[in-house]
Amino acid sequence: MRTQVSHLQALESEAIFIFREVAAEFEKPVLLFSGGKDSILLLHLAVKAFAPAPVPFPIMHVDTGHNFPEVIEFRDRRVQETGVKLIVASVQDAIDSGKVVEEKGPNASRNRLQITALLDGIEEHKFDALFGGARRDEEKARAKERIYSFRDEFGQWDPKGQRPELWNLYNGRHKPGEHMRVFPISNWTELDVWNYIKEYEVAVPDVYFAHKRKVFQRDGMWLGVTEFLEPQEGEVVEERLVRFRTIGDATCTGAVDSPAKTIEQVIEEVGATRITERGATRADDRTAEAAMEDRKKEGYF
Amino acid sequence: MELLRLATAGSVDDGKSTLIGRLLYDSKSIFEDQLESIEETSAARGDEHVNLALLTDGLRAEREQGITIDVAHRYFATPKRKFIIADTPGHIQYTRNMVTGASTANLAIILIDARKGILEQSKRHSFIASLLQIPHLVLAVNKMDLVDYSQEVFDKIRKDYTAFASKLDIGDLTFIPLSALKGDNVVDRSANMSWYEGSTLLHHLEDVHIASDRNMVDARFPVQYVIRPQSEKLPDYRGYAGTVAGGILRKGDDVVALPSGFASKVAKIEQAGQEIDEACAPMAVTVSLEDELDISRGDMLCRANNQATPTQDIEAMVCWMSEASQLQEGAKLAIKHTTRWARTIVKDLRYKLDINTLSRDESATSLTLNEIGRIKLRTTQPLLADKYSRNHITGSFILVDENTNVTVGAGMIINTK
């Protein structure tokens with residue numbers, strides 16, 4: 001009898017349940033897709049949840065304009081394979097229209113500017129539920145966030161006023177203009193994600209595996225040289241064997257030294273590492289101890 | 001690898017954060033950057049030691065004020081199991097938080113300070129664990145190092161607690177003497193308590209048998225979503241998507257759809273587009289039937305000879321979770337049970353339970369925040385219900401304020417008529 005349910009099956013079932021629940025109870029859900037492994041996993045699970053019918057909601061990419069070309073190629077290929085509709089919310093457009101002003105200085109990042117593009121996208125399309133790939137193991141503010149995370153009409157998160165969440169009884173009720181952020185893979189760890197990718201043969205962009213790249217060191221992180229990010233005086237460019245543990249805006253996502261060329265090697269490396277994935281690779285989370293909490297309160301993912 | 005969900009209850013004073021810190025640290029689930037960050041914060045606050053509580057206190061207000069606001073989730077794994085910890089604060093709003101964090105737990109750890117013995121708080125936590133019918137309970141008698149690792153102290157606490165617990169409905173109860181600070185009996189066996197012959201805490205968490213806690217007898221399949229591609233390739237496909245809430249569903253089974261009562265047979269079970277022969281809880285699958293029936297979200301498939309009870313009248317224990325309002329007779333609320341929403345009216349507040357003394361106050365006219373009582377509800381449409389003791393999924397519900405949309409109550413069904 002097939003009564004043993006593995007932890008990956010249990011996590012998969014939990015996520016699929018959440019996808020179906022939202023599709024049934026909300027008017028206009030959308031899946032936030034960055035091209036990173038967590039959002040790739042989300043799309044993979046969404047396809048499974050509704051098979052053999054197509055995914056009944058679009059995906060939205062909040063595009064900072066600072067992309068890894070491999071990731072955009074990957075995104076477009078997945079869109080074609082799944083037949084899902086892609087919406088791009090562009091930070092460049094928000095800058096061009098004067099809604100936001102670009103940060104200046106060597107550590108300028110468009111990370112924070114994504115909030116405006118995201119909230120504008122929600123308003124324009126009247127989305128009432130947004131699936132995000134956030135995991136509770138990533139960061140301490142996220143460890144306290146519900147799977148259904150209520151946002152008021154300004155997109156704000158109120159950590160002290162969260163709705164109790166019991167059993168699998170999710171309460172998605174909201175008023176017009178308010179919306180819900182929904183995190184189906186809240187309970188997955190980085191290692192769970194990689195083990196799942198391996199077991200179910202989920203494709204991810206090549207930048208997650210070891211490759212040679214021109215990088216320079218800033219704040220103890222290896223940042224890649226791109227058309228958007230040039231080294232400052234005194235920062236030495238070298239070619240190293242690296243891979244990315246997370247993929248975000250190319251200007252603030254650091255690479256790690258790694259020889260891991262296969263999924264098995266990545267799993268081995270992740271299992272042995274002593275630094276969290278955001279701590280190792282995200283300049284945006286290092287600005288202040290409560291950096292993530294502050295951005296979330298303003299409407300960040 | 002199996003997944004075990006556990007809830008921890010206790011206050012900072014009991015050494016709960018230290019215990020969680022120890023489990024995470026010894027299983028290599030605390031990372032260097034996290035440790036560095038809390039070291040810096042501890043130093044900035046003038047703490048004498050690195051404060052492991054900062055690992056679980058994630059929000060700015062919590063770190064600044066040294067309080068815990070809400071349930072935090074932590075993860076660790078050993079080669080045997082993956083663990084999800086729902087860490088609930090012990091003091092303020094304990095009931096609401098513990099109920100929220102522990103509703104899906106396989107196991108609860110209740111911390112007791114060996115110097116203090118069984119406190120009111122320990123009794124409250126135990127009562128909530130029994131109310132939620134968490135299958136396994138661990139009484140972690142902490143700070144044994146401060147009582148000279150005395151067997152007498154441990155035995156007395158065990159005796160006191162066993163006497164108290166006989167009044168409660170507790171399944172599997174395990175006592176472990178430990179020191180979270182020194183590491184005795186957390187991951188490694190203590191050299192200081194050779195008189196203790198049981199498992200270390202981690203060993204117990206890895207080994208406790210949870211597979212049979214699931215209900216494998218009463219097949220229950222709440223329909224969540226109807227999949228109808230209506231495409232050229234699949235013009236007639238109609239699948240009922242849902243998560244098995246109990247029992248085992250097999251291809252060829254005779255089933256009835258509730259509440260209509262129409263009968264059919266399971267034609268096909270699919271998991272992510274792949275056909276499988278059978279499914280059990282908590283698998284998310286899609287079921288196709290041999291006959292075309294009118295079934296929609298909120299309906300339920302059961303075996304013909306073992307069905308949930310369709311009922312508009314239920315009696316339940318309810319925990320009230322709202323600061324802004326009270327539960328009173330005549331109150332109208334929204335109710336969510338499995339995948340079905342309805343409206344409900346509170347017909348009767350039978351009694352309020354004092355969770356310190358377990359005495360019943362039958363003269364009570366309302367429940368306020370963190371209070372627990374037994375109520376009768378009448379719903380606008382039938383719920384397809386079981387007793388909570390039989391099935392946690394088909395036996396639980398939430399109550400929602402229709403004006404604010406906030407979840408205000410959590411209910412566990414005692415009677416379905």
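The following questions and answers concern a predicted model. Residues are numbered from 1 along each chain as its sequence is written, and chains are lettered from A, with ligands numbered from 1, in the order in which they are written. Local features need pLDDT of at least 70 and side-chain atom pairs count only at pLDDT 80 or more, while totals for chains, interfaces and linings use all residues.

Me: Which element gives the largest share of the side of chain A that touches chain B?
Reply: In this interface, 48 residues of chain A are in contact with 56 residues of chain B, where contact requires C-beta atoms, placed from the backbone, within 7 Å. Two or more residues on the side of chain A come from helix H1 (7-25) and from helix H2 (37-50); helices (H or I, at least four residues) and strands (E, at least two) are DSSP runs numbered from the N terminus. The largest share, 9 residues, belongs to H1(A).

Me: How many residues of H2(A) are buried?
Reply: H2(A) reaches 20 Å from its first C-alpha to its last, close to the 20 Å expected, the expected span being 1.5 Å times one less than the number of residues. A residue is buried if 20 or more other C-beta atoms, placed from the backbone, lie within 10 Å of its own, exposed if 12 or fewer, and partly exposed in between. H2(A) is mostly covered, and its buried residues number 14 of 14.

Me: What is omega for the cis peptide bond that joins A:Ala51 and A:Pro52?
Reply: A:Pro52 lies in the loop between H2 and strand S2 (59-63) of chain A. The cis bond joins this proline to A:Ala51, with omega of about 5°.

Me: Is B:Ala272 buried or exposed?
Reply: B:Ala272 lies in the loop between S12 and strand S13 (274-276) of chain B. Its phi is near 50°, a positive value in a residue other than glycine. Because B:Ala272 has 20 C-beta neighbours inside 10 Å, it counts as buried.

Technical notes:
Two residues are in contact if their C-beta atoms, placed from the backbone, lie within 7 Å.
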